[in-house]
Amino acid sequence: MDSADPASRRLTIDRSSLGHRLRYAVRNPRRIGPHLRRGARDVWLRARHRDHVAYYRAVMASDTARSPEAAVGSRDHERWLALGKLQFDYLRDHGLAPGHRMLDIGCGNLRAGWRFIDYLDPGGYYGIDISPDILISAKETLSGRGLQAKLPHLTLTRDLTFDFLPSGHFDVVHAHSVFSHSPLPVIDECLAHVGRILAPGGFFDFTFDRTEGREHQVLREDFYYRAETLTELAAGHGLTARLMADWERLPHGQSKIRVTAGTPGGAP
Ligand SMILES: C[S@@+](CC[C@H](N)C(=O)[O-])C[C@H]1O[C@@H](n2cnc3c(N)ncnc32)[C@H](O)[C@@H]1O
């Protein structure tokens, strides 16, 4: 990729830099007002909630009150449907089978979750989230789709230690657009514990906002990491992580990593 390539530019931009923010403002003047309002709200919420998870839960409460679909990152219903389908199609084509037991971390309002629930055998889907507001919206999605008989689990969580879940249970663990909103200690906590709950041969797929430049964050809402940072973090917990190259070709701005138990050449 050369530096004039939009994909290459996307991977090297530092969105926290003053230069980028000024250039963006000049190109998108109508976004200045909403961005300043969001920034002011976030300063207020951060002052009230020092812990990241508590802060992000408050962000989700505020966003969900306006629109649950926008709160999970979709500008309209059509896009909400398309993003759910994108996740579902990819996972079904990359190993998900109806008899699997799946944990969906940060399940949101079941944008993809309802498709997983529909596809999996009854009881096969387990969704967790830090936001009670979005979980209420998840239940509305579930009943709206008539999927009650599939008896999925939807559980509120405060951390990613999975201490309430059994060992060796999940064939598939999934986190879409969750680490893109997570500081490194949250990701580290997840990687430290996910190996325990993975079934033999199981895998953990997650998306993240990738940078090939300086790692940075915007408003403590969006976090940009180098792929190596996350693969090394996984290796430190005895896991193998690889970038899913074919995901990059899909119309989605994030990258995807698949994690499996064991380090390359090491014992699982
Ligand atoms: C952008 S939304 C994506 C939701 C869903 N995965 C999807 O693709 O539709 C991110 C979700 O992750 C949740 N979340 C953020 N940080 C989390 C954490 N540390 N543990 C669990 N859920 C988290 C948010 O509450 C929100 O519902």
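**Exercise 1. Check the length of helix α9 in this predicted model.**

Solution. Helix α9 covers residues 184-197, which is 14 residues. At 1.5 Å a residue, α9 should span 20 Å.

**Exercise 2. State which residues of α9 are buried, and what covers them.**

Solution. Start with the count: a residue is taken as buried if 20 or more other C-beta atoms lie within 10 Å of its own. In α9 the buried residues are Ile-187, Cys-190, Leu-191, Val-194, Gly-195 and Ile-197. Next, look for their cover: it includes the strands β1 (102-105), β4 (170-175), β5 (198-210), β8 (239-243) and β9 (255-261), along with helix α10 (227-236).

**Exercise 3. Repeat the length check for helix α4.**

Solution. Helix α4 has 15 residues, 52-66.

**Exercise 4. Work out how the buried residues of α4 are arranged around its axis.**

Solution. List them: Tyr-56, Arg-57, Val-59, Met-60, Asp-63 and Thr-64 are the buried residues of α4. Viewed down the axis of α4, these residues fall within an arc of 160 degrees, so they line one face of the helix. The spacing rule behind this is that an α-helix has 3.6 residues a turn, so residues three or four places apart point the same way. Exposed Ala-65 and Arg-66 are on the face of α4 turned away from the buried side. Cover for the buried residues of α4 includes α3 (32-48), α5 (68-71) and α8 (132-144).

Definitions and conventions. Residues numbered from 1 in each chain as written. Predicted model: local features only at pLDDT ≥ 70, side-chain atom pairs only at ≥ 80, totals over all residues. Helix = DSSP H or I, 4+ residues; strand = E, 2+ residues; numbered from the N terminus. Expected span 1.5 Å × (residues − 1). Buried ≥ 20, exposed ≤ 12 C-beta atoms within 10 Å, placed from the backbone. Contact = placed C-beta atoms within 7 Å. Arc of directions from axis to C-beta.
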